[in-house]
Amino acid sequence: MKRAGQWMLVVVALVALAAPWLAPNPPDRRFPGSLYAPPSTVRLFDGGPRAPFIYPQRLVSPLERRFEEDTSRPVSLRWFTDSRLVTVPEAGGGPLLLLGADSLGRDTFSRLVYSARTSLALALVSTLAALFVGALVGGAAGYAGGGIDHVLSRFTDFVLVLPAIYVALALRAAMPLVLPAATVFLVLTAIFALLGWPVVARGVRAIVASEREREYVVAGRALGATPWRLLGRHLLPATAGYLAAQATLLLPAFIMAEATLSYVGLGFPDTVPTWGTMLQDAANVSLLVDAPWMLAPAAAIFIVVLAVNLVVQGTGRTPVQLEP
Amino acid sequence: MLAQRLIFALLLVFVVSSAALLLARLAPGDVTAQLGPFASASEISGIRARFDLDRSPAGQWLVWLTRVVRFDFGDSFLYNRPVRGLVVRAAANTAVLAVAALALATLLGIPLGVVSGSRHSAGAALIRAVSLVCLSVPPLLTSLLLVFIAASTRWFPTGGMTSVDAIGLRSFAWLADVAAHLPLPALALALPVAATFERLQAQSMTEALHQPFTVAAMARGLSPRDVIVRHAWPVSLRPICGVYGLAIGALLSGSFVVEFVTAWPGLGRLMYEALRARDIYLVAGCAAMGGLFLAVGSVIGDLLLAAADPRVREGQAT
């Protein structure tokens with residue numbers, strides 16, 4: 001179980017890294033004739049030219065958005081050309097749409113693998129930021145004790161009660177609604193870290209406060225180690241297991257938070273492929289029934305969250321979903 | 001204890017709504033952007049005066065506070081009517097959704113958790129697998145998926161709280177109409193929470209079954225069923241009661257996205273509209289109501305914890 005989850009995460013990370021090579025088409029390329037085009041069926045037999053091959057899709061009825069395959073012109077897939085794993089040139093019967101096309105005629109599969117980069121990078125950076133700030137503040141509070149300690153635990157209790165998505169929503173809505181993608185990335189990282197660090201800090205504080213009385217720390221202090229050295233070399237490493245556990249909670253929460261914010265139009269702009277912006281196309285119910293591949297980003301999110309939960313379950317902890 | 005909780009609740013509502021008011025006020029742009037580019041200067045200044053935007057942020061906050069103590073939450077620009085009525089109605093809709101979801105989650109999660117925590121059968125393994133899957137499908141995904149299923153099969157209406165023609169219905173028919181619209185968003189909201197309950201219940205059930213008192217009960221010759229239902233289960237409820245307060249908060253969070261996807265006219269949607277339009281008093285009103293929800297949720301959680309654990313009741317809490 002745990003092993004399976006870890007392998008799934010590795011595969012997703014590799015897919016994100018290799019996105020430009022795996023994607024058959026550029027993620028922002030619009031194919032005018034392919035709005036809501038269904039996935040291309042990759043055929044192996046049927047006596048085509050060189051298998052595997054596809055039949056080019058032709059829009060038969062723009063009103064019904066009905067596509068037909070042109071069976072008279074089979075086109076072979078091209079492997080390892082244009083520094084892509086597999087593609088079909090547009091001129092030669094393409095595009096190759098492995099998961100169909102979206103409302104603007106863009107390749108869903110290509111957007112999906114590129115989205116993994118933005119969505120995962122944002123969640124990862126936000127998690128690291130929350131862990132870093134939380135470990136620093138919690139470590140300092142646990143070591144120093146006293147007033148900071150008291151203020152910190154009150155503050156954490158307060159943050160824990162707040163529904164995170166509303167706070168994220170309010171903070172994001174308080175900024176200009178249209179921002180460039182890089183700024184959105186920074187803004188969301190800051191918001192997520194702001195929501196995540198107090199919980200981390202509380203746990204780290206508790207561990208550091210109990211560890212600092214142990215013999216090895218006392219010995220270190222007696223040998224003349226400075227507080228920062230004690231914290232950095234001895235106390236914070238003791239929290240590594242706790243931090244790893246927190247990361248498995250924060251990472252899925254941040255992926256979901258990005259998806260939610262982008263879905264309601266307060267995250268990334270539509271031009272940036274993320275799992276949240278892609279899901280916007282699923283908002284139209286009547287179109288969704290005819291184009292279920294619009295739910296592909298939902299499947300991607302599911303796979304990542306499931307992988308993390310498998311790892312959590314495998315380490316003997318209980319996965320919960322109480323802080324979306 | 002109770003007085004302390006009440007003070008905390010009041011403080012929560014006060015801090016959350018004040019913060020929301022100031023945040024909406026300090027954000028760039030204001031509600032007059034809604035008037036469009038052709039609004040005259042006098043129109044704009046009229047609206048600014050009506051919503052106290054001509055005062056300083058602190059001044060506006062004080063004016064708002066003096067009105068709030070008389071339960072006057074100001075007017076909404078978007079709806080052009082008092083905020084109080086709007087927020088109360090939206091909160092009632094959200095409460096219907098949240099209570100239905102909580103009931104569903106409890107009725108599904110706890111019995112399944114008792115079963116999967118007390119047995120080693122194929123059924124228990126299946127329950128565990130299903131709930132692990134449900135845990136990995138947050139409300140955004142469950143609601144999208146259920147809407148998709150509803151739209152393809154036409155088993156349920158896909159959105160809204162009532163049908164388009166529900167205005168003319170009499171009270172009973174209207175209730176039936178709402179009841180037809182409720183299952184989809186309630187299920188979407190309940191599934192992850194139900195899975196959480198199932199996992200926690202299963203874990204604490206397993207732990208309770210390994211404690212000396214259950215072994216002793218077994219040794220006295222009680223049937224396994226009696227041991228589970230009458231001895232182990234009440235003890236194992238403690239962690240569940242501990243997260244009930246959190247679960248209510250999670251339902252409130254989840255309800256935002258579920259309301260958004262299924263067009264349920266609740267507090268989350270209202271808050272979103274208000275935030276986007278910088279409808280400042282509506283933002284503050286929604287935040288106050290949200291704070292009240294959270295306070296009520298944490299009080300209910302505490303009461304449940306006290307009911308399940310005598311140590312908390314006697315004030316020697318851990």
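Two residues are in contact here if their C-beta atoms, placed from the backbone, lie within 7 Å. Keep in mind that this is a predicted model.

With that cut-off, take A:L169. Leaving aside neighbours within four places in sequence, A:L169 is in contact with A:L261 and A:L266, and also with B:Y272 and B:L275. A:L169 belongs to the largest nonpolar core, which has 179 residues. Together with B:A101, B:L251, B:V283 and B:C286, A:L169 touches the most other members of that core. The biggest contribution to this core comes from helix α10 of chain B, residues 224-262, with 18 residues. As general background, nonpolar side chains in soluble globular proteins tend to be buried together.

Now the helix that follows in chain B, α11, residues 267-277. Is this helix enclosed or open? Of its 11 residues, 9 are buried, so α11(B) is largely enclosed by the rest of the structure. Among the buried ones are B:R269, B:Y272 and B:L275. What do they pack against? The buried residues of α11(B) pack against α5 of chain A, and against α4, α10 and α12 of chain B. Just after α11(B), B:R278 has a positive phi of about 55°.

Next, chain A. Helix α1, residues 2-17, and helix α3, residues 108-144, have axes that come within 7 Å and cross at roughly 110°. That makes α1(A) roughly perpendicular to α3(A). On the α1(A) side the residues are A:V12, A:V15 and A:A16, and they meet A:V113, A:A116, A:R117 and A:L120 in α3(A). By class, that contact has 6 nonpolar residues, no polar ones and 1 charged.

Staying in α3 of chain A, there is A:L112. A:L112 has 24 other C-beta atoms within 10 Å, so it counts as buried. Beyond its neighbours within four places in sequence, A:L112 is in contact with A:L99, A:M278, A:A296, A:P297 and A:A300.

Last, a helix pair in chain B. Helix α5, residues 122-135, packs with helix α8, residues 183-209, at an angle of about 135°, and their axes are 8 Å apart. That makes α5(B) oblique to α8(B). The crossing is left-handed. From α5(B) the contact uses B:I127, B:S131, B:C134 and B:L135, while α8(B) supplies residues including B:L191, B:P192, B:E198 and B:R199. This contact has 7 nonpolar, 2 polar and 2 charged residues.

That's it from me.

How values were computed. Residues are numbered from 1 along each chain as its sequence is written. Chains are lettered from A and ligands numbered from 1 in the order in which they are written. This is a predicted model: local features need pLDDT of at least 70, side-chain atom pairs count only at pLDDT 80 or more; totals for chains, interfaces and linings use all residues. A nonpolar core is a set of buried Ala, Val, Leu, Ile, Met, Phe, Trp, Tyr and Cys residues joined through C-beta atoms within 7 Å. A residue is buried if 20 or more other C-beta atoms lie within 10 Å of its own, exposed if 12 or fewer, and partly exposed in between; C-beta atoms are placed from the backbone. Helices (H or I, at least four residues) and strands (E, at least two) are DSSP runs, numbered from the N terminus. Axes are lines fitted to C-alpha atoms, for helices over the stretch in contact, and angles run from 0 to 180 degrees between N-to-C directions. Angles under 35 degrees count as roughly parallel, over 145 as roughly antiparallel, 65 to 115 as roughly perpendicular and the rest as oblique. Ala, Val, Leu, Ile, Met, Phe, Trp, Tyr, Cys and Pro count as nonpolar, Asp, Glu, Lys and Arg as charged, and the others, Gly among them, as polar. A crossing is left-handed if the near helix is turned anticlockwise from the far one by less than a right angle, and right-handed if clockwise.
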